[in-house]
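Please find below some comments on the model under review. They are arranged as numbered points, each on one topic.

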Amino acid sequence: LLNNLGTRQSQLGQREAALASTQESVAIRRKLAEREPEQFLPQLAASLNNLGMRQSELGQWEGALASTQEAVAIHRKLSEQRPDKFLADLAKSLNNMGCQQREVGRFEAALGSWMEAATHHHRLAEQRPDEFLPDLAMSLNNLGTMQQKAGQCEEALAFTQEAVAMRRR
């Protein structure tokens, strides 16, 4: 419930309260995951991903990146065991991590995170296009933005055109 509370507070612009609620959620879920990892690791990863988002909203980029990196590590482990259930969560966390890496000036790392997210979103979109084409388009748009900043204009254009075509569908 605290994780949801943090999300609702964030939606209402209550950023500090949202951060506090999400931090409390992470602390509780971390203790639970230590005792029963199979049951609570997915919830811990979700809370960590949300914590990264709450920290990002406050401009706490290094903390946000650390939180999201931990979420990615957990989601990666879970998706190796059950890709059908956790690959979408991994892709979402990778996308968030790419944004945070960009904000702290780690452009190559951001590009790598978004490439991996796009690869996973592509795989998911092949199976369930209605659900995952928008996420794939977002990943491709992020890639295009980073490649533009890196001076790779033709690659940036190709990714952005592909994203636009998906959104038009």
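1. Glu116 and Arg76 are joined by a salt bridge in this predicted model, with 2.5 Å between the closest N and O atoms. The pair connects distant parts of the chain, since Glu116 belongs to helix H6 (residues 107–127) and Arg76 to helix H4 (residues 61–81), 40 residues apart. Glu116 has a relative accessible area of 23% and is therefore partly exposed. Arg76 is likewise partly exposed, at 30% relative accessibility.

2. How many salt bridges does a search of the whole structure find? The search returns eight. Besides the pair of point 1, two further salt bridges are described below, one between Arg54 and Glu57 and one between Glu131 and Arg128.

3. The side chains of Arg54 and Glu57 form a salt bridge with an N to O distance of 2.9 Å. Both residues lie in helix H3, where a spacing of three residues corresponds to about one turn of the helix. Is Arg54 buried or exposed? Its relative accessibility is 4%, and because buried means under 20%, Arg54 counts as buried. Glu57, by contrast, counts as partly exposed at 33% relative accessibility.

4. In the salt bridge between Glu131 and Arg128, the closest N and O atoms are 3.1 Å apart. Glu131 has a relative accessibility of 46%, so this residue counts as partly exposed. Arg128 is also partly exposed, with a relative accessible area of 34%.

5. Pro129 is placed in helix H7 (residues 129–149). With a relative accessible area of 36%, Pro129 is partly exposed. From Pro129 to Met166 there are 37 residues in sequence, and the C-alpha to C-alpha distance in space is 9.9 Å.

6. Helices H3 and H4 pack at an angle of about 155°, and their axes are 8 Å apart. Because angles over 145 degrees count as roughly antiparallel, this description applies to H3 and H4. Their crossing is left-handed. On the H3 side, the residues in contact include Leu41, Leu44, Leu48 and Leu51; on the H4 side, Trp61, Ala64, Ile74 and Leu78 are among them. By class, the contact of H3 with H4 comprises 12 nonpolar, eight polar and two charged residues.

7. Helix H3 (residues 37–57) also packs with helix H5 (residues 83–103), at an angle of about 25° and with the axes 11 Å apart. H3 is therefore roughly parallel to H5. The crossing in which H3 passes H5 is left-handed. Which residues make this contact? From H3 they are Pro42, Asn49, Gly52, Met53 and Ser56, and from H5 they are Phe86, Lys92, Ser93, Asn96 and Gln100. The contact of H3 with H5 has three nonpolar, six polar and one charged residues.

Methods. Residues are numbered from 1 along each chain as its sequence is written. This is a predicted model: local features need pLDDT of at least 70, side-chain atom pairs count only at pLDDT 80 or more; totals for chains, interfaces and linings use all residues. Side-chain values use heavy atoms; hydrogens and water are left out. Axes are lines fitted to C-alpha atoms, for helices over the stretch in contact, and angles run from 0 to 180 degrees between N-to-C directions. Helices (H or I, at least four residues) and strands (E, at least two) are DSSP runs, numbered from the N terminus. Angles under 35 degrees count as roughly parallel, over 145 as roughly antiparallel, 65 to 115 as roughly perpendicular and the rest as oblique. A crossing is left-handed if the near helix is turned anticlockwise from the far one by less than a right angle, and right-handed if clockwise. Contact means heavy atoms within 4.5 Å. Ala, Val, Leu, Ile, Met, Phe, Trp, Tyr, Cys and Pro count as nonpolar, Asp, Glu, Lys and Arg as charged, and the others, Gly among them, as polar. A salt bridge is a side-chain nitrogen of Lys or Arg within 4 Å of a carboxyl oxygen of Asp or Glu. Buried means under 20% relative accessible area, exposed over 50%, partly exposed in between (1.4 Å probe, protein chains only).
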